[in-house]
Amino acid sequence: MSNAATTLRAAVRRLSPCTWRDLALAALVLPVLGYEAAFRDLTWRPVAVAFGCGLALAVLVRRIHPLPAVVFAFGGFAVLDVATFAVGTEPVVLHSGWVVFVLAYSLSRWGAGRDVAVGTAVMAVAVAAIVSVDFPGFAETIAATGMLLFAAALGASVRYRAIAREQLIVQAKLQEREHLARELHDTVAHHVSAIAIQAQAGLFLARSSSLSGATEALEIIDREAAGTLAEMRTIVSALRDPRRHPPLVPPRRIADIQGLAEGLPVDVELHGDLTNLPPAVEGALYRVTQESITNAQRHAHQATRVRVELTAGATDVRLTISDDGTRTAAAGPPGFGLVGMTERITLLGGTLTAGPNPDRGWEVRAVLPRQGAAT
């Protein structure tokens, strides 16, 4: 409950234009309003029709301006009921007024914390005013109030779930950045150690007048330094939490992909020159393959095998993982594992796409530059 309250108080509303759902809702309001104007004996017909058109407009702007929409709808009904009561006429009853429940949902779903508080107060005052001048009975009053509360609670629930998912996505990206930074840290440490050893050897040989040995040592230092700088360009783009010190694990290489076959048969095809790839690139290719095979085992129904194809070109490396199963949950949101893999590939300057095959199964494609430098 405390998390939900914090979510409502936080001003996290994003401006969004009206969608096809809003257009559909507005399109439902106008025909009902037209029927009422033509066949019902409406009190203050011109005013009622104008107000009904305003309700349709409120539906269109409910995402961008949820508070003004709520104030117009609930305040308008309250003012009309009080005005008709004051002059002694029948109240203005619009069947198209059902959209107030949609607006109550929209306020809790997209309104900022202060807007939600103000809008809730406006709804409470409006309902109290309407009931006081045109009391429909206890049963109808309780039912209408319960429906308003349900709509508001539903909006808050959907909002909380959306924010929680965004937070989980951010957490998955940060974890992948941390994993990448840890792997790169180990690689850079290895290069720096080699540079230090060769520098000491070069100094010793130079002092011993062995110029050929000193030249060889300097050449090794030059290669190691170039590799270290390439890794450092990537590590600065990743984040590592200094408070956590997980155990070191051996870096994964392309050769380790062969050992990922668990459950489903995995066919691995390698093409081109896959030597001399930076450890970060090899590790990313391994992680994407591992995640894709795991997803195939979990979600690819009736799959018989997984195909992994890795092709190295002059400037990039292309990875394709596909299965021949069917996915019943393809319409759901992407998993956090795929989010993490996309983050890792992006940090290395590459791209990752995933989606259904035209014929059958699921396919993941990753393209990485050979040097693996982060942009």
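Two strands pair if DSSP finds at least two bridges between them. Helices (H or I, at least four residues) and strands (E, at least two) are DSSP runs, and I number them from the N terminus.

**Entry 1: the model.** I am reading a predicted model, in which local features need pLDDT of at least 70 and side-chain atom pairs count only at pLDDT 80 or more, while totals for chains, interfaces and linings use all residues. Residues are numbered from 1 along each chain as its sequence is written, and side-chain values use heavy atoms, with hydrogens and water left out.

**Entry 2: the whole protein.** I looked up the secondary structure and found 10 helices and five strands. Of the 375 residues, 39% are buried (under 20% relative accessible area, with exposed over 50% and partly exposed in between; 1.4 Å probe, protein chains only). I then looked up contacts, meaning heavy atoms within 4.5 Å. Among contacts with a separation of 6 or more, 77% are between residues 24 or more positions apart.

**Entry 3: the hairpin.** I went to strands E4 (residues 351–356) and E5 (residues 362–369), which run antiparallel and are joined by six bridges. One of the pairs I noted is Leu352 with Ala366 in E5. The two strands form a hairpin with five residues between them. In the turn, Gly361 has a positive phi of about 90°.

**Entry 4: the sheet.** I traced an open sheet of five strands in the order E1-E2-E3-E5-E4, with mixed pairing. Strand E1 (266–271) and E4 are at the edges with a single partner strand each, so one side of each has no neighbour in the sheet. On average, neighbouring strands are turned by 10° against each other, direction ignored. For angles, axes are lines fitted to C-alpha atoms, for helices over the stretch in contact, and values run from 0 to 180 degrees between N-to-C directions.

Ile321 has Val364 in E5 as its bridge partner. Helix H9 (residues 279–299) packs on the sheet and touches E1, strand E2 (306–312), E3, E4 and E5. The direction of H9 makes about 10° with that of E3.

**Entry 5: two helices.** I looked up helix H5 (residues 99–110) and helix H6 (residues 113–133), whose axes come within 9 Å and cross at roughly 155°. The contact involves Ala104, Leu107 and Ser108 of H5, and Asp115, Val116, Gly119, Thr120 and Met123 of H6.
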